[in-house]
Each structure stands twice: as structure tokens, then as C-alpha cells.
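Me: I have a model open and want to learn how to read it. Take me through it feature by feature.

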Amino acid sequence: INYMTSNDVSLIGDGKAQYNAIINPQGGVVDDIIVYRMNAERFLICVNASNTAKDFLWFLGHNSFDAIFEDLSAGFGQVAIQGPRAKDIMADVFGPEIIRIPYFYFRELRFENQQLIVARTGYTGEDGFEIFIPTASTVSIWNLLLSSGGKYGLIPCGLGARDTLRLEACYPLHGHELGDEITAIESGLGWIVKSQKGDFIGRD
């Protein structure tokens, strides 16, 4: 993963997430991603949904280390709870321990006989959480969150609202400020280009 991305994955420990980018040989951004380290042998890579097939083929095509890549996208739904009352909503549904997860860390937990991944991440510039849910349970947990969060003013928001927030926070979006023809440095992602870590695709 370190060879295929610009940030230094070796710096993160178990239970930690890292913002990262897949870089092509010309320095362009194939996709910006979040890497979750489950343990030394197992990582979860969250890509932009519209780039799922492209990114998976990229990983397969540049795998020179005999790593095993699996596309598990169809097995997950993801719900993001973002904003100033996110902690209250999450604590009501999952218990008060959930809000002890630090920023850009995650926890695997068992909830209603389902294995979830709860991460203190988001793309809004607000505090919040992203929940990876087995596909079959996504609707029921969505409904539970909506019901429980009603008293805090929780409402469903789509990508339009997310786009407004990420613009205010100056977060780049793939297909807009990020792309295969725009280098990571030009895109303002220099802070996740760790050229000192050693060789990786696009380093030159």
C-alpha cells in the first residue's frame, strides 16, 4: 500500500485511519482515499464510490508484492453522522464509550448481531463519525439513527450538502479539484506526499 500511495502508511498503528492518495506515474491523483489499519496484515481502503472499479483494477495492476486485494464494496453500506450533535446521537445509539474514539481512529464493534466499523472521520469539516455497515443492515441502522437523532435535529443530507461543507472547509474533491491530470502538489495535497519515505508510484 505504501508503494501505491503518497502518504506514509508505515506511520499508522492498529485502529488508526490515514488520509492518503493513489498517485499515477505523472503525479496525478487517481483517487483520494482513507486507509484503515486493522492490524499489520490487514487494511481497509475506502475509495470514492464512483471510482471503486477503477481503483480496484489499479491496485491489482500495480501489485508487485503478492498482496491480496479484495473488493468488498458490495458488502458494505456507509452512513456518516456529522455536525455539532454527532457525539450525542452516537452515544444514544451505541453507548457513551463510542465518543471516546479519537479523531481519525476507528473501532470494530458488535451491534445487534452485526459487525460494524465506526470511524471518527468525515468529509464535512465538522466533528463526526462514519459507520461501515453490512449491506443488509444499512437501512435498519439508518432508521435507528434517524429515529434516535430526531430530538437533536438530525436530518438526512445528500451530496449537495456535503459539497457545500467540504468547500467551506477547503477539502478537495476527486473529479473537481483532484484528477488524473492534476498533480497532487498542484491540488494542495502536498501535506500527504511523503517523498522521504522511499520509492512509490509517482514520486519522481
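**Reading the model**

Reply: Start with asparagine 7, which is placed in the segment before β1. Helices (H or I, at least four residues) and strands (E, at least two) are DSSP runs, numbered from the N terminus. Before going on, note that this is a predicted model: local features need pLDDT of at least 70, side-chain atom pairs count only at pLDDT 80 or more, and totals for chains, interfaces and linings use all residues. Residues are numbered from 1 along each chain as its sequence is written, and side-chain values use heavy atoms, with hydrogens and water left out.

Me: Is asparagine 7 buried or exposed?

Reply: Buried means under 20% relative accessible area, exposed over 50%, partly exposed in between (1.4 Å probe, protein chains only). Asparagine 7 has 5% relative accessibility, so it counts as buried.

Me: Which residues is asparagine 7 in contact with?

Reply: Contact means heavy atoms within 4.5 Å. Leaving aside neighbours within four places in sequence, asparagine 7 is in contact with Asn2, Gln18, Tyr19, Asn20, Ile192, Lys194 and Lys197.

Me: Which side chain makes a polar contact with that of asparagine 7?

Reply: A polar contact is a pair of N or O atoms within 3.5 Å; within protein, one must be able to donate a hydrogen and the other to accept it, and residues adjacent in sequence count only if both atoms are side-chain atoms. Here the partner is the side chain of lysine 194, at 3.1 Å.

Me: What sits under the charged end of lysine 197?

Reply: A charge sits over a ring if NZ of Lys or CZ of Arg is within 6 Å of the ring centre and within 35 degrees of the ring normal. For lysine 197, the ring is that of phenylalanine 200, with its centre 4.7 Å from the charged end.

Me: Now the overall fold. How many helices and strands are there?

Reply: The protein has 4 helices and 7 strands. From the N terminus, the order is β-β-β-α-β-α-β-β-β-α-α. The C-alpha trace spans about 50 × 35 × 30 Å along its principal axes.

Me: What does the radius of gyration tell me?

Reply: It is taken over C-alpha atoms, and the globule rule is 2.2 Å times the number of residues to the power 0.38. For 204 residues, a compact globule would be near 17 Å; the protein has 17 Å, which agrees. Buried residues make up 43% of the 204. Of the contacts between residues at least 6 apart in sequence, 55% join residues at least 24 apart.

Me: Which residues have the most contacts inside the largest nonpolar core?

Reply: A nonpolar core is a set of buried Ala, Val, Leu, Ile, Met, Phe, Trp, Tyr and Cys residues joined through side-chain atoms within 4.5 Å. The largest has 20 residues, and Tyr19, Val29, Tyr36 and Leu189 have the most contacts inside it. β1 (17–23), β2 (29–39) and β6 (114–119) each give two or more residues to this core. A second, separate core has 18 residues, including Phe94, Val118, Phe129 and Ile141.

Me: What does leucine 189 touch?

Reply: Beyond its neighbours within four places in sequence, leucine 189 is in contact with Tyr19, Ala21, Val29, Pro172, Leu178 and Ala184.

Me: How many aromatic pairs are there?

Reply: Rings of Phe, Tyr and Trp (its six-membered ring) pair if their centres lie within 6.5 Å; planes under 30 degrees apart count as stacked, over 60 as edge-to-face and the rest as tilted. The structure holds 9 such pairs. In one of them, tyrosine 3 and phenylalanine 65 have centres 5.7 Å apart and planes at 65 degrees, so the pair is edge-to-face. Tyrosine 3 lies in the segment before β1 and phenylalanine 65 in the loop between α1 (52–61) and β4 (76–82), so the pair ties together parts 62 residues apart in sequence. Tyrosine 3 is partly exposed at 28%; phenylalanine 65 is exposed at 56%. Ring pairs also link Tyr36, Phe76, Phe106 and Phe132 into a cluster.

Me: Where is phenylalanine 104 found?

Reply: In the loop between α2 (86–94) and β5 (106–111). Most residues other than glycine have a negative phi. Phenylalanine 104 has a positive phi, near 60 degrees. Phenylalanine 104 is buried, at 13% relative accessible area.
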